[in-house]
Amino acid sequence: MNVKILTDKNCRKITALIYGDLDHHTAKHIRSDIDSAIHENNPKRLIIDFSNVTFMDSSGIGLVMGRYKIMNEMSGEVLIANPPTYIRKVIQLAGLHKLCPIVTNSEDKPIVKPISENNSDNDLAQQKKTTISEGQNA
Amino acid sequence: MKQKIVNELKMSFPSLSENERFSRLAVSGFLSQLNPQIDELSDIKTAVSEGVTNCIVHAYRDVTGIIFMQVRIMEKGKVYIKIRDKGCGITDIKKAMEPLFTTAPDEERAGLGFAVMESFMDKIKVRSAEGKGTTVIMEKTLKSRKALFDI
């Protein structure tokens, strides 16, 4: 099992806890599990929790982007929760945090605000800012 | 001047998606003798995963072919990785390397494979011939090891 789905019907919220490596091979199964949960529960918010993800390549980006498209059509949102440093690096390279805010500790409060337009071509600079803002939050 | 090869790994395996994990773990295991930093190893594993996934998803699209890999440890902590296939080849390499360009959007491919390889490695070279296959060569010098060799 690569993903565990937690549903909160009252808040129309789904949390997908992904385990292990997230690559092209495992993404297929994770994708279908999350999609069936979305169709069953019609949520407003999907939280994808990366705390137990040991590896991720661009297949993970495709997975989050695909879920973002679905949730966006339903006027919902996707949050990326607790990504380890090596995963954050891939997410920021893709600029995915601009569409799906990064949150920590399963609190639905974004710690990284979507980048403003004038900063959009400089993800590395944003990465440094993120580190600083995290330090201040701690 | 040509750098001396300190150690070398050669392997080949069928283009099954189950082998994506195996290939990056094999490279990571082989490079562990260099005692790399975790972030350096993580970058290399991600780049290898992108290269191998490209062979599986694109080069051998509807068939199963063989993926050839060569990993060399050179002097001064330089790592050389070659991933080769005998698949369909790339028509326009420049286009294929553009971030977000993908020929498989329906499969939720992000089109970032080459962008990740370029960003996480020091150097990348792509050679391809239509109908004959593609070779991707990547290099990265491990900072920690370079310092050690320089002494």
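Reader: Before anything else, what counts as a helix or a strand here?
Author: Helices (H or I, at least four residues) and strands (E, at least two) are DSSP runs, numbered from the N terminus. In chain A the elements run β-β-α-β-α-β-α-β-α from the N terminus on.

Reader: What kind of model is this, and how are things numbered?
Author: This is a predicted model, where local features need pLDDT of at least 70, side-chain atom pairs count only at pLDDT 80 or more, and totals for chains, interfaces and linings use all residues. Residues are numbered from 1 along each chain as its sequence is written, while chains are lettered from A and ligands numbered from 1 in the order in which they are written.

Reader: How many helices and strands does chain A have?
Author: Chain A has four helices and five strands.

Reader: And chain B, what is its pattern?
Author: Chain B has five helices and five strands, in the order β-α-α-β-β-α-α-β-β-α along the sequence.

Reader: What share of each chain is buried?
Author: In chain A, 37% of the 138 residues count as buried. In chain B, buried residues make up 39% of the 151 residues. Buried means that 20 or more other C-beta atoms lie within 10 Å of a residue's own; 12 or fewer is exposed, in between is partly exposed, and the C-beta atoms are placed from the backbone.

Reader: What about the dimensions of chain B?
Author: The C-alpha trace of chain B spans about 50 × 30 × 30 Å along its principal axes. Its radius of gyration is 15 Å, which agrees with the value near 15 Å for a compact globule with 151 residues. That radius is taken over C-alpha atoms, and the globule rule is 2.2 Å times the number of residues to the power 0.38.

Reader: Switching to the two chains together, how many residues are in contact?
Author: 17 residues of chain A are in contact with 21 residues of chain B. Contact means that the C-beta atoms of two residues, placed from the backbone, lie within 7 Å.

Reader: Which element of chain A gives the most to that side?
Author: Helix 2 of chain A does, with seven residues. The elements giving two or more residues are helix 1 (24-41), helix 2 (58-73) and helix 3 (85-94) of chain A.

Reader: How do the residues on that side of chain A divide?
Author: Eight are nonpolar, six polar and three charged. Ala, Val, Leu, Ile, Met, Phe, Trp, Tyr, Cys and Pro count as nonpolar, Asp, Glu, Lys and Arg as charged, and the others, Gly among them, as polar.

Reader: Which loop holds L100(B), and is L100(B) buried or exposed?
Author: L100(B) is in the loop between helix 3 (93-96) and helix 4 of chain B. L100(B) counts as exposed, with 11 C-beta neighbours inside 10 Å. Its phi is near 75°, a positive value in a residue other than glycine.
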